[in-house]
Amino acid sequence: MESIQFGSPPPAPVRRRGESNADFEFRVIEHELLAHLPPHLEWRVHPVRIPRVFWSRGSALAANARRAAFLDDGQRQDGDCWYTINTLDARMRPMRGREPPTRLPRMLLLHAWSWGLPMWISNMASFCESYQVHAIDLLGWGGSSRPPFHQLFHATPEAAQDFFIEAIEAWRRSVGLERFVLVGHSMGGHIAAAYYLRYPDAVSKLVLSSPIGLGGYQPREAPNLAAAVRNALIHRVWVATPHRLASLAGHGTLRRYVLTHLGNPDAPAFGDRSETRVRLVFEYVLASIHRGPGISGEAAFAVLGSPTRGWNLPLDTGLRAALTRRRRWTAPVVIMYGEHDWIDPAYVLEHLWPAVHEAGRLHVYLVEGAKHHAYKENAAQFEAIVMWGEGGAAACGVREAPTLVGRRPAYARLGARIPDVHYT
């Protein structure tokens with residue numbers, strides 16, 4: 001396993017030779033955000049190298065790679081044979097005169113759409129009480145490499161999914177981790193579940209927070225022509241990628257537009273919503289957009305589905321099969337949603353949970369008072385579920401939600417309230 005070197009808080013970034021303005025600006029804003037990590041944590045951000053040909057022979061990427069973009073020896077034609085995964089390592093600062101613990105279990109955090117490492121700032125202190133924590137920017141997002149997905153691969157849903165999960169596996173091998181608790185939110189939840197189905201031996205526990213794409217996605221039919229036109233437009237924007245379109249507005253115009261929406265209660269900011277932190281969050285998102293708008297991670301994820309047409313590779317069948325088997329898929333699975341989440345938990349509670357609950361390896365929770373961003377909207381319950389949710393309500397102190405009264409169409413309109421819940 002890689003020996004991780006911690007020390008005093010990392011200094012402010014210095015421009016690297018040949019670094020673009022967009023890349024340097026991103027690293028500066030990322031550092032400003034991460035400086036809000038609690039002072040009793042030690043942390044560092046560093047790039048982890050993975051091969052440009054990072055997938056296994058049986059991967060869909062192998063079948064869909066555009067051969068002209070690669071050489072037989074695995075190197076790109078430009079001679080650079082590596083991608084990098086932007087990685088945050090964090091742990092508790094050892095007490096004076098004591099050596100830091102060396103055998104803490106590991107936890108890996110996967111971010112949501114348009115997010116990255118700083119998403120977990122509010123939760124890092126709790127996680128570091130029991131784990132050495134790693135958070136990564138998924139390939140094509142944040143500060144990680146931005147390989148042009150459509151130039152390198154035929155855009156099949158299978159290739160798009162493997163673009164993310166094979167890169168995570170390459171990262172795991174590069175840093176030398178054996179097993180870890182895997183936590184993913186929203187888009188990261190979908191990718192975490194897909195990774196577990198492919199590489200179950202690497203995962204000791206799977207935690208999915210408001211995961212996208214676990215089946216049950218039934219976009220409503222347009223009731224009239226205006227709604228049909230709107231849905232078609234949303235789909236076209238999604239395929240073209242929102243970040244690419246947003247980048248055309250120019251940095252100044254886009255920044256002014258985004259900053260006018262700081263009052264949005266669903267904005268992915270921190271729990272205390274201080275003006276400085278909220279401003280930094282949006283500047284971080286904008287800086288990430290300008291590193292490589294819409295060509296890489298966002299382009300790959302768009303192939304997996306769209307908000308108006310559903311998901312091309314729902315994971316419900318695979319996850320159900322994994323939870324009922326005893327050979328390789330032995331890790332407990334915890335799924336949570338916000339009490340007022342726009343992602344409907346009805347499918348998981350009415351179809352997935354009844355099929356596997358007797359095995360005792362699936363626990364489902366609704367986070368009280370939270371919408372889609374439970375990690376900040378009720379951080380205490382979110383963290384308790386992540387840390388101890390596999391033990392049920394007695395372990396984490398949060399009531400489980402195995403049944404729903406009534407049903408509404410899955411993925412109803414944004415902001416619609418879910419039905420009342422009977423708790424056990």
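# Helix packing and aromatic pairs in a predicted model

Helix 15 (residues 379-388) is mostly covered, as seven of its ten residues are buried, where buried means under 20% relative accessible area, exposed over 50% and partly exposed in between, with a 1.4 Å probe and protein chains only. Its buried residues are Q381, F382, E383, A384, I385, V386 and M387. Helices (H or I, at least four residues) and strands (E, at least two) are DSSP runs, numbered from the N terminus.

This is a predicted model, in which local features need pLDDT of at least 70 and side-chain atom pairs count only at pLDDT 80 or more, while totals for chains, interfaces and linings use all residues. Residues are numbered from 1 along each chain as its sequence is written, and side-chain values use heavy atoms, with hydrogens and water left out.

## The chain as a whole

The chain contains 16 helices and twelve strands. Of its 424 residues, 56% count as buried. Among contacts (heavy atoms within 4.5 Å) with a separation of 6 or more, 78% join residues 24 or more positions apart.

## Aromatic rings

The structure holds 16 aromatic pairs. Rings of Phe, Tyr and Trp (its six-membered ring) pair if their centres lie within 6.5 Å; planes under 30 degrees apart count as stacked, over 60 as edge-to-face and the rest as tilted. The rings of F26 and Y284 form a tilted pair, because their centres are 5.2 Å apart and their planes stand at 40 degrees. This pair links distant parts of the chain, with F26 in helix 1 (residues 21-34) and Y284 in helix 10 (residues 275-291), 258 residues apart. The rings of Y375 and F382 have centres 6.4 Å apart and planes at 70 degrees, so that pair is edge-to-face.

| Residue | Relative accessible area | Class |
|---|---|---|
| F26 | 2% | buried |
| Y284 | 0% | buried |
| Y375 | 2% | buried |
| F382 | 0% | buried |

One aromatic cluster is formed by F54, W55, Y83, F149, F153, F163 and F164. Charged groups also sit over rings, a term that requires NZ of Lys or CZ of Arg within 6 Å of the ring centre and within 35 degrees of the ring normal. R49 lies over the face of W82, at 4.2 Å from the ring centre, and R328 lies over the face of W329, at 5.7 Å from the ring centre.

## Helix 5 and its surroundings

Helix 5 (residues 157-175) packs against helix 6 (residues 187-198) at an angle of about 65 degrees, with the axes 9 Å apart. Axes are lines fitted to C-alpha atoms, for helices over the stretch in contact, and angles run from 0 to 180 degrees between N-to-C directions. Helix 5 is therefore roughly perpendicular to helix 6, a class that covers 65 to 115 degrees. On the helix 5 side the contact includes F164 and I168, and on the helix 6 side it includes I191 and Y195.

A170 also lies in helix 5. A170 is buried, with a relative accessible area of 3%. Not counting residues up to four places away in sequence, A170 touches I50 and F54. A170 and S56 are 114 residues apart in sequence and 9.3 Å apart in space, C-alpha to C-alpha.

## H363 in strand 10

H363 is placed in strand 10 (residues 362-367). H363 is buried, with a relative accessible area of 12%. Leaving aside neighbours within four places in sequence, H363 is in contact with V333, V334, I335, G389, E390, G392 and E400.

Technical notes. Angles under 35 degrees count as roughly parallel, over 145 as roughly antiparallel, 65 to 115 as roughly perpendicular and the rest as oblique.
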